[in-house]
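Open the model in your viewer and follow the stops below in order. Each one says what to select and what is found there.

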Amino acid sequence: MSKANLLDRRAVVSGLLANRKDAIVVGGLGASTYDMAAAGDHDRNFYLWGAMGGAVMIGLGLALAQPKLPVVVITGDGEMLMGMGSLATVGLQKPANLTIVVLDNEAYGETGGQVSHTAAAADLVGVAKACGIGHVSAMTTMAEVEAFAPALQDVTSGPRFASVKIDGANLERVLSSRDANFIVNRIRGSLGFEPI
Amino acid sequence: MHARADAPSETAASWPEEIFAILQRFDVRQVPYVPDAGHSLLIQRVLGSSTMRGVSLTTEEEGVALLAGAWAGGQRGALLMQSSGVGNCINMLSLTQIFRFPFLTLVTMRGEWGEFNPWQVPMGSSTQAVFELSGIRVLRASHPEEVGEVVEAGAMQAYNACTPTAVLLSQRLIGTKVFTK
(Lines give C-alpha, C1' and ligand atoms only; values in the text may rest on other atoms or scores of the structure.)
Protein backbone atom coordinates (compact mmCIF):
# COMPACT_ATOMS: atom_id res chain seq x y z
CA MET A 1 0.00 0.00 0.00
CA SER A 2 2.83 2.45 0.56
CA LYS A 3 3.49 4.70 -2.39
CA ALA A 4 5.90 7.56 -2.78
CA ASN A 5 4.85 11.19 -2.52
CA LEU A 6 1.48 10.63 -0.89
CA LEU A 7 -0.06 13.74 0.60
CA ASP A 8 -0.07 14.89 4.19
CA ARG A 9 -3.70 14.73 5.40
CA ARG A 10 -3.45 17.86 7.54
CA ALA A 11 -2.10 19.88 4.62
CA VAL A 12 -4.94 18.60 2.44
CA VAL A 13 -7.68 19.53 4.92
CA SER A 14 -6.11 22.90 5.76
CA GLY A 15 -5.84 23.61 2.05
CA LEU A 16 -9.45 22.68 1.40
CA LEU A 17 -10.79 24.74 4.31
CA ALA A 18 -8.48 27.77 4.13
CA ASN A 19 -11.14 29.84 2.40
CA ARG A 20 -14.26 27.99 3.56
CA LYS A 21 -16.36 31.13 4.15
CA ASP A 22 -19.89 30.10 5.21
CA ALA A 23 -19.47 26.38 4.54
CA ILE A 24 -20.72 23.79 7.00
CA VAL A 25 -18.17 20.99 7.31
CA VAL A 26 -18.84 17.46 8.57
CA GLY A 27 -15.88 15.39 9.72
CA GLY A 28 -16.11 11.63 9.75
CA LEU A 29 -15.29 9.54 12.80
CA GLY A 30 -11.59 9.26 13.51
CA ALA A 31 -8.68 11.10 12.00
CA SER A 32 -10.84 13.25 9.70
CA THR A 33 -12.36 14.93 12.74
CA TYR A 34 -8.86 15.53 14.16
CA ASP A 35 -7.77 17.00 10.81
CA MET A 36 -10.70 19.41 10.89
CA ALA A 37 -9.85 20.44 14.43
CA ALA A 38 -6.21 20.90 13.42
CA ALA A 39 -7.29 23.18 10.58
CA GLY A 40 -9.03 25.40 13.15
CA ASP A 41 -12.18 25.15 15.22
CA HIS A 42 -15.25 26.73 13.67
CA ASP A 43 -18.90 27.30 14.62
CA ARG A 44 -19.93 25.29 11.58
CA ASN A 45 -17.77 22.26 12.18
CA PHE A 46 -19.80 19.09 12.68
CA TYR A 47 -17.36 16.73 14.39
CA LEU A 48 -18.23 13.05 14.56
CA TRP A 49 -16.85 10.82 17.30
CA GLY A 50 -19.05 7.88 16.40
CA ALA A 51 -21.86 6.95 14.00
CA MET A 52 -19.40 5.33 11.62
CA GLY A 53 -20.85 5.28 8.13
CA GLY A 54 -23.12 8.25 8.78
CA ALA A 55 -21.01 11.22 7.72
CA VAL A 56 -22.33 11.51 4.17
CA MET A 57 -25.96 11.22 5.30
CA ILE A 58 -25.49 13.91 7.94
CA GLY A 59 -24.04 16.05 5.17
CA LEU A 60 -27.03 15.29 2.95
CA GLY A 61 -29.50 16.27 5.68
CA LEU A 62 -27.64 19.56 6.13
CA ALA A 63 -27.37 20.16 2.40
CA LEU A 64 -31.10 19.67 1.85
CA ALA A 65 -31.94 21.90 4.81
CA GLN A 66 -29.55 24.69 3.73
CA PRO A 67 -29.46 24.58 -0.07
CA LYS A 68 -27.79 27.99 -0.38
CA LEU A 69 -24.83 27.08 1.81
CA PRO A 70 -21.90 24.90 0.83
CA VAL A 71 -21.83 21.65 2.78
CA VAL A 72 -18.62 19.62 2.81
CA VAL A 73 -18.14 16.10 4.17
CA ILE A 74 -14.55 15.13 4.91
CA THR A 75 -14.14 11.51 5.87
CA GLY A 76 -11.87 8.51 5.59
CA ASP A 77 -11.94 5.51 3.30
CA GLY A 78 -13.05 3.14 6.09
CA GLU A 79 -15.90 5.39 7.16
CA MET A 80 -16.96 5.85 3.54
CA LEU A 81 -16.88 2.11 2.87
CA MET A 82 -19.24 1.55 5.79
CA GLY A 83 -21.74 4.03 4.36
CA MET A 84 -21.30 3.27 0.68
CA GLY A 85 -25.04 3.00 0.13
CA SER A 86 -25.35 6.65 1.06
CA LEU A 87 -23.56 7.51 -2.19
CA ALA A 88 -26.52 5.97 -4.03
CA THR A 89 -28.86 8.06 -1.90
CA VAL A 90 -26.89 11.22 -2.68
CA GLY A 91 -26.82 10.27 -6.36
CA LEU A 92 -30.61 10.14 -6.30
CA GLN A 93 -31.14 13.40 -4.38
CA LYS A 94 -28.44 15.33 -6.23
CA PRO A 95 -27.90 18.13 -3.70
CA ALA A 96 -26.12 20.82 -5.72
CA ASN A 97 -24.38 22.23 -2.63
CA LEU A 98 -22.80 19.03 -1.29
CA THR A 99 -19.18 18.00 -1.68
CA ILE A 100 -17.78 14.74 -0.33
CA VAL A 101 -14.02 14.42 0.14
CA VAL A 102 -12.54 11.07 1.11
CA LEU A 103 -9.08 11.09 2.65
CA ASP A 104 -7.88 7.72 1.46
CA ASN A 105 -4.90 6.21 3.26
CA GLU A 106 -6.05 2.71 2.29
CA ALA A 107 -6.08 1.72 5.95
CA TYR A 108 -7.94 1.85 9.24
CA GLY A 109 -5.46 4.19 10.89
CA GLU A 110 -7.39 4.65 14.12
CA THR A 111 -7.36 0.94 14.95
CA GLY A 112 -3.84 -0.08 14.08
CA GLY A 113 -3.46 0.46 10.36
CA GLN A 114 -5.24 -2.61 9.06
CA VAL A 115 -5.53 -2.39 5.28
CA SER A 116 -8.86 -1.29 3.88
CA HIS A 117 -10.63 -2.41 0.73
CA THR A 118 -9.34 0.58 -1.21
CA ALA A 119 -5.77 -0.70 -0.95
CA ALA A 120 -6.34 -3.54 -3.36
CA ALA A 121 -9.75 -3.49 -4.93
CA ALA A 122 -12.44 -0.96 -4.10
CA ASP A 123 -12.54 2.17 -6.24
CA LEU A 124 -14.60 4.74 -4.34
CA VAL A 125 -14.44 7.27 -7.16
CA GLY A 126 -15.85 4.65 -9.48
CA VAL A 127 -18.57 3.82 -6.97
CA ALA A 128 -19.55 7.48 -6.61
CA LYS A 129 -19.68 7.92 -10.37
CA ALA A 130 -21.70 4.76 -10.84
CA CYS A 131 -24.14 6.01 -8.19
CA GLY A 132 -24.94 9.03 -10.32
CA ILE A 133 -22.67 11.63 -8.73
CA GLY A 134 -21.75 13.69 -11.77
CA HIS A 135 -18.57 15.41 -10.64
CA VAL A 136 -15.96 12.99 -9.39
CA SER A 137 -12.23 13.36 -9.09
CA ALA A 138 -9.21 11.46 -7.85
CA MET A 139 -6.43 13.65 -6.52
CA THR A 140 -2.84 12.81 -5.70
CA THR A 141 -1.09 16.19 -5.64
CA MET A 142 -1.46 19.35 -3.58
CA ALA A 143 -1.76 21.33 -6.79
CA GLU A 144 -4.90 19.34 -7.60
CA VAL A 145 -6.26 19.86 -4.08
CA GLU A 146 -5.67 23.60 -4.26
CA ALA A 147 -7.29 23.79 -7.68
CA PHE A 148 -10.30 21.87 -6.35
CA ALA A 149 -10.83 23.91 -3.16
CA PRO A 150 -12.81 26.78 -4.76
CA ALA A 151 -15.37 24.26 -6.04
CA LEU A 152 -16.47 23.71 -2.43
CA GLN A 153 -18.14 27.13 -2.60
CA ASP A 154 -20.18 26.22 -5.67
CA VAL A 155 -23.76 25.50 -4.57
CA THR A 156 -25.19 25.05 -8.05
CA SER A 157 -23.35 22.19 -9.72
CA GLY A 158 -22.91 19.46 -7.11
CA PRO A 159 -22.92 16.92 -5.76
CA ARG A 160 -19.19 16.41 -6.03
CA PHE A 161 -17.08 13.50 -4.86
CA ALA A 162 -13.31 13.59 -4.53
CA SER A 163 -10.83 11.05 -3.30
CA VAL A 164 -7.44 12.26 -2.11
CA LYS A 165 -4.69 9.73 -1.62
CA ILE A 166 -2.90 10.52 1.62
CA ASP A 167 -0.01 8.92 3.43
CA GLY A 168 -0.61 6.49 6.26
CA ALA A 169 1.11 8.49 8.98
CA ASN A 170 -0.66 8.44 12.32
CA LEU A 171 -0.46 12.05 13.40
CA GLU A 172 -0.87 13.45 16.86
CA ARG A 173 -4.55 13.69 17.68
CA VAL A 174 -6.00 17.19 17.75
CA LEU A 175 -9.11 16.78 19.83
CA SER A 176 -12.26 18.71 18.98
CA SER A 177 -15.20 19.06 21.30
CA ARG A 178 -16.96 15.72 21.67
CA ASP A 179 -20.11 17.19 23.23
CA ALA A 180 -22.68 16.55 20.53
CA ASN A 181 -25.24 18.93 21.99
CA PHE A 182 -22.70 21.73 21.96
CA ILE A 183 -21.59 20.91 18.42
CA VAL A 184 -25.07 20.81 16.93
CA ASN A 185 -26.43 23.78 18.84
CA ARG A 186 -23.42 25.84 17.87
CA ILE A 187 -24.09 25.09 14.19
CA ARG A 188 -27.79 25.85 14.63
CA GLY A 189 -26.95 29.07 16.42
CA SER A 190 -24.66 30.16 13.62
CA LEU A 191 -27.57 29.61 11.21
CA GLY A 192 -29.90 31.71 13.33
CA PHE A 193 -31.87 28.98 15.09
CA GLU A 194 -32.67 29.32 18.77
CA PRO A 195 -32.54 26.50 21.32
CA ILE A 196 -35.90 24.90 21.96
CA MET B 1 -58.41 -9.77 11.16
CA HIS B 2 -58.08 -8.34 7.70
CA ALA B 3 -55.65 -8.94 4.92
CA ARG B 4 -53.62 -6.55 2.86
CA ALA B 5 -52.13 -6.56 -0.56
CA ASP B 6 -48.87 -4.96 -1.62
CA ALA B 7 -50.54 -2.43 -3.84
CA PRO B 8 -51.38 0.80 -2.02
CA SER B 9 -54.57 1.36 -3.96
CA GLU B 10 -56.17 -1.54 -2.16
CA THR B 11 -55.78 0.20 1.17
CA ALA B 12 -58.68 2.54 1.63
CA ALA B 13 -57.74 3.46 5.17
CA SER B 14 -57.75 7.14 6.03
CA TRP B 15 -55.10 6.95 8.71
CA PRO B 16 -52.18 7.49 6.29
CA GLU B 17 -53.85 10.78 5.34
CA GLU B 18 -54.14 11.66 9.01
CA ILE B 19 -50.44 10.98 9.52
CA PHE B 20 -49.58 13.11 6.51
CA ALA B 21 -51.65 15.99 7.87
CA ILE B 22 -49.92 15.73 11.25
CA LEU B 23 -46.46 15.78 9.66
CA GLN B 24 -47.49 18.84 7.68
CA ARG B 25 -48.80 20.57 10.77
CA PHE B 26 -45.54 19.96 12.62
CA ASP B 27 -43.58 21.42 9.70
CA VAL B 28 -41.77 18.18 8.90
CA ARG B 29 -39.56 18.84 5.90
CA GLN B 30 -37.41 15.75 5.36
CA VAL B 31 -38.98 12.30 5.20
CA PRO B 32 -36.45 9.52 4.68
CA TYR B 33 -37.94 6.12 4.02
CA VAL B 34 -37.34 2.54 3.08
CA PRO B 35 -40.45 1.46 1.23
CA ASP B 36 -43.01 -0.71 2.93
CA ALA B 37 -46.50 -1.61 1.78
CA GLY B 38 -48.00 -0.23 4.99
CA HIS B 39 -46.40 3.15 4.36
CA SER B 40 -47.03 3.27 0.62
CA LEU B 41 -49.91 5.77 0.71
CA LEU B 42 -48.04 8.07 3.06
CA ILE B 43 -44.92 7.86 0.89
CA GLN B 44 -46.99 8.79 -2.15
CA ARG B 45 -48.35 11.83 -0.33
CA VAL B 46 -44.88 12.87 0.81
CA LEU B 47 -43.43 12.55 -2.69
CA GLY B 48 -46.30 14.65 -4.01
CA SER B 49 -45.83 17.35 -1.38
CA SER B 50 -44.29 20.73 -2.17
CA THR B 51 -43.01 21.24 1.37
CA MET B 52 -41.62 17.80 2.20
CA ARG B 53 -38.60 16.09 0.73
CA GLY B 54 -38.99 12.32 0.52
CA VAL B 55 -35.57 10.68 0.62
CA SER B 56 -35.38 7.09 -0.53
CA LEU B 57 -32.71 5.22 1.45
CA THR B 58 -30.65 2.14 0.76
CA THR B 59 -30.82 1.17 4.43
CA GLU B 60 -32.69 2.57 7.40
CA GLU B 61 -29.69 3.77 9.40
CA GLU B 62 -29.07 6.34 6.69
CA GLY B 63 -32.30 7.98 7.74
CA VAL B 64 -31.22 8.44 11.34
CA ALA B 65 -28.05 10.22 10.22
CA LEU B 66 -29.98 12.27 7.67
CA LEU B 67 -32.33 13.56 10.36
CA ALA B 68 -29.41 14.56 12.59
CA GLY B 69 -28.04 16.62 9.71
CA ALA B 70 -31.46 18.05 8.94
CA TRP B 71 -31.86 19.20 12.53
CA ALA B 72 -28.42 20.82 12.53
CA GLY B 73 -29.59 22.64 9.41
CA GLY B 74 -32.85 23.75 11.01
CA GLN B 75 -35.34 21.24 9.64
CA ARG B 76 -37.50 18.59 11.23
CA GLY B 77 -37.89 15.14 9.79
CA ALA B 78 -39.56 11.78 10.30
CA LEU B 79 -38.21 8.36 9.35
CA LEU B 80 -40.57 5.82 7.80
CA MET B 81 -39.58 2.18 7.96
CA GLN B 82 -40.69 -1.37 8.63
CA SER B 83 -39.89 -3.28 11.82
CA SER B 84 -37.19 -5.31 10.08
CA GLY B 85 -35.30 -2.09 9.45
CA VAL B 86 -35.11 -1.12 13.10
CA GLY B 87 -32.27 -3.54 13.72
CA ASN B 88 -30.32 -1.92 10.89
CA CYS B 89 -30.38 1.36 12.83
CA ILE B 90 -29.03 0.37 16.21
CA ASN B 91 -25.63 2.04 16.29
CA MET B 92 -26.87 5.11 14.42
CA LEU B 93 -29.67 5.52 16.97
CA SER B 94 -26.98 6.66 19.41
CA LEU B 95 -27.21 9.99 17.58
CA THR B 96 -30.69 10.51 19.03
CA GLN B 97 -29.30 10.35 22.54
CA ILE B 98 -26.14 12.35 22.18
CA PHE B 99 -27.67 15.10 20.04
CA ARG B 100 -31.04 15.02 21.82
CA PHE B 101 -32.63 16.01 18.53
CA PRO B 102 -36.33 15.70 17.73
CA PHE B 103 -36.31 12.18 16.32
CA LEU B 104 -39.61 10.68 15.20
CA THR B 105 -39.95 7.38 13.39
CA LEU B 106 -43.13 5.68 12.23
CA VAL B 107 -42.69 1.94 12.02
CA THR B 108 -45.01 -0.48 10.28
CA MET B 109 -44.93 -3.78 12.10
CA ARG B 110 -44.35 -7.25 10.70
CA GLY B 111 -43.86 -10.52 12.48
CA GLU B 112 -46.99 -10.30 14.61
CA TRP B 113 -50.77 -10.70 14.29
CA GLY B 114 -51.14 -13.63 11.92
CA GLU B 115 -47.75 -13.41 10.25
CA PHE B 116 -47.17 -15.93 7.44
CA ASN B 117 -43.44 -15.40 6.99
CA PRO B 118 -41.33 -16.74 9.86
CA TRP B 119 -38.34 -14.64 8.76
CA GLN B 120 -40.20 -11.52 9.90
CA VAL B 121 -40.88 -12.80 13.39
CA PRO B 122 -37.52 -12.42 15.20
CA MET B 123 -37.04 -8.72 14.39
CA GLY B 124 -40.72 -7.94 14.72
CA SER B 125 -40.69 -9.51 18.17
CA SER B 126 -37.74 -7.45 19.36
CA THR B 127 -38.54 -4.12 17.69
CA GLN B 128 -40.01 -2.44 20.77
CA ALA B 129 -37.24 -3.71 23.06
CA VAL B 130 -34.54 -2.59 20.63
CA PHE B 131 -35.97 0.91 20.61
CA GLU B 132 -36.29 1.03 24.38
CA LEU B 133 -32.75 -0.25 24.91
CA SER B 134 -31.62 2.48 22.51
CA GLY B 135 -33.29 5.20 24.56
CA ILE B 136 -36.28 5.72 22.27
CA ARG B 137 -39.78 6.08 23.72
CA VAL B 138 -42.30 3.76 22.09
CA LEU B 139 -45.96 4.38 21.36
CA ARG B 140 -48.22 2.00 19.50
CA ALA B 141 -51.39 2.25 17.43
CA SER B 142 -53.38 -0.90 16.72
CA HIS B 143 -56.72 0.45 15.52
CA PRO B 144 -57.48 2.93 12.73
CA GLU B 145 -59.36 5.33 14.97
CA GLU B 146 -56.41 5.79 17.34
CA VAL B 147 -53.67 6.37 14.76
CA GLY B 148 -54.18 10.11 14.59
CA GLU B 149 -54.00 10.75 18.30
CA VAL B 150 -51.06 8.40 18.86
CA VAL B 151 -49.00 9.89 16.03
CA GLU B 152 -49.94 13.37 17.21
CA ALA B 153 -48.75 12.56 20.73
CA GLY B 154 -45.54 11.11 19.33
CA ALA B 155 -44.93 14.18 17.19
CA MET B 156 -45.59 16.48 20.13
CA GLN B 157 -43.11 14.80 22.44
CA ALA B 158 -40.53 14.39 19.69
CA TYR B 159 -40.65 17.94 18.35
CA ASN B 160 -41.63 19.90 21.45
CA ALA B 161 -39.66 17.99 24.06
CA CYS B 162 -36.85 16.60 21.86
CA THR B 163 -37.76 13.16 23.14
CA PRO B 164 -36.79 10.52 20.57
CA THR B 165 -39.98 8.62 19.80
CA ALA B 166 -41.04 5.63 17.72
CA VAL B 167 -44.66 5.01 16.85
CA LEU B 168 -45.33 1.38 16.02
CA LEU B 169 -48.19 0.83 13.59
CA SER B 170 -49.41 -2.65 14.42
CA GLN B 171 -49.73 -5.37 11.85
CA ARG B 172 -53.28 -5.68 13.14
CA LEU B 173 -53.88 -2.15 11.87
CA ILE B 174 -52.13 -2.56 8.55
CA GLY B 175 -53.40 -6.01 7.82
CA THR B 176 -51.58 -9.29 7.54
CA LYS B 177 -49.73 -9.70 4.29
CA VAL B 178 -51.20 -12.53 2.24
CA PHE B 179 -48.88 -14.77 0.29
CA THR B 180 -50.41 -16.68 -2.60
CA LYS B 181 -48.75 -18.73 -5.27
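Select α4 (77–82) of chain A: with 3 residues, α4(A) gives the largest share of the lining of the largest pocket. Helices (H or I, at least four residues) and strands (E, at least two) are DSSP runs numbered from the N terminus. A pocket is an open set of points on a 1 Å grid over the protein atoms alone, where a 1.4 Å probe fits, with protein on both sides within 12 Å along at least five of seven lines; lining residues have an atom within 4 Å of a point.

This is a predicted model, in which local features need pLDDT of at least 70, side-chain atom pairs count only at pLDDT 80 or more, and totals for chains, interfaces and linings use all residues. Residues are numbered from 1 along each chain as its sequence is written, chains are lettered from A in the order in which they are written, and side-chain values use heavy atoms, without hydrogens and water.

The pocket holds about 280 Å³, a volume being the space filled by probe spheres set on the grid points, which are joined across faces, edges and corners. Among its 17 lining residues, A:L29, A:G30, A:Y108, A:G109 and A:E110 are the closest to its centre.

Next, show the open sheet of 6 strands, ordered β2-β1-β3-β4-β8-β7 (chain A) with parallel pairing; strands pair if DSSP finds at least two bridges between them. β2 (45–47) and β7 (135–139) of chain A each have a single partner strand, so one side of each lacks a neighbour in the sheet.

Finally, select β3 (residues 71–76) and β4 (residues 98–104) of chain A, which pair in the parallel sense over 6 bridges. A:V71 has A:L98 in β4(A) as its bridge partner.
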